[in-house]
Amino acid sequence: ELEQYLAEAVTPAEPLDWWRVRLPHARYPRLARMARDFLAIPGSSVSVERCLNIGRDVISLRRASLSADTIRLLMTF
């Protein structure tokens, strides 16, 4: 499905509207389901720095004695 979809010409339609019509559902049922899931995610008002900067939360004064490996593991989850 993905290869067929990527081979198609680009359309000026709004993405969510394009995935709602019947034709993409028939030709790309799995992609249409994924697109509706991803396109329905609301935007966040939290800044990117706040979402991605977990260092201060992981390496606090109480956790200052953690090893580098432990900190790396904590920051990847």
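Modeller: The discussion below takes up the predicted model, setting values against the criteria behind each term.

Biologist: How many aromatic pairs does a search of the whole structure find?

Modeller: The search finds two aromatic pairs. In one of them, the ring centres of Y5 and W18 are 5.9 Å apart, and the limit for pairing is 6.5 Å.

Biologist: Why is the pair of Y5 and W18 called tilted?

Modeller: The planes of Y5 and W18 stand at 50°.

Biologist: What does the pair of Y5 and W18 tie together?

Modeller: Y5 lies in helix α1 (residues 2-7) and W18 in helix α2 (residues 15-20), so the pair ties together parts that are 13 residues apart in sequence.

Biologist: Why is the pair of Y5 and Y28 called edge-to-face?

Modeller: The ring centres of Y5 and Y28 are 5.7 Å apart, with the planes at 80°. Because edge-to-face applies over 60 degrees, the angle of 80° places the pair in that class. Y28 lies in the loop between α3 (22-27) and α4 (29-39), while Y5 is in helix α1, so this pair ties together parts that are 23 residues apart in sequence. Through ring pairs, Y5, W18 and Y28 are linked into a cluster.

Biologist: Which residues make up the largest nonpolar core, and which element gives the largest share?

Modeller: The core has six residues in all: W18, W19, Y28, L31, A32 and A35. The elements giving two or more residues to this core are α2 and α4, and α4 provides the largest share, three residues. In soluble globular proteins, nonpolar side chains tend to be buried together. Across the protein of 77 residues, 13% count as buried.

Biologist: How do you know that the buried residues of α4 are on the same side?

Modeller: The buried residues of α4 are L31, A32 and A35. They cover an arc of only 100° around the axis, which puts them on the same side of α4. An α-helix has 3.6 residues a turn, so residues three or four places apart point the same way. The face turned away from the buried side of α4 carries the exposed residues R30 and D37.

Biologist: What is L31 in contact with, leaving aside its neighbours within four places in sequence?

Modeller: With those neighbours set aside, L31 is in contact with E1, L2, Y5 and W19. Here Y5, a member of the ring cluster, touches a residue of the nonpolar core, L31.

Biologist: Why is R20 called exposed, but R33 partly exposed?

Modeller: The term exposed requires over 50%. R20, in helix α2, is at 53% and therefore counts as exposed. R33, in helix α4, has 48%, so R33 is partly exposed. From C-alpha to C-alpha, R33 and R20 are 9.8 Å apart in space and 13 residues apart in sequence. For R20 and R36, the values are 8.0 Å in space and 16 residues in sequence.

Key. Residues numbered from 1 in each chain as written. Predicted model: local features only at pLDDT ≥ 70, side-chain atom pairs only at ≥ 80, totals over all residues. Heavy atoms only, no water. Phe/Tyr/Trp six-rings, centres within 6.5 Å; stacked < 30°, edge-to-face > 60°. Helix = DSSP H or I, 4+ residues; strand = E, 2+ residues; numbered from the N terminus. Buried < 20%, exposed > 50% of the residue type's maximum accessible area, 1.4 Å probe, protein only. Arc of directions from axis to C-beta. Core = buried A, V, L, I, M, F, W, Y, C linked by side-chain atoms within 4.5 Å. Contact = heavy atoms within 4.5 Å.
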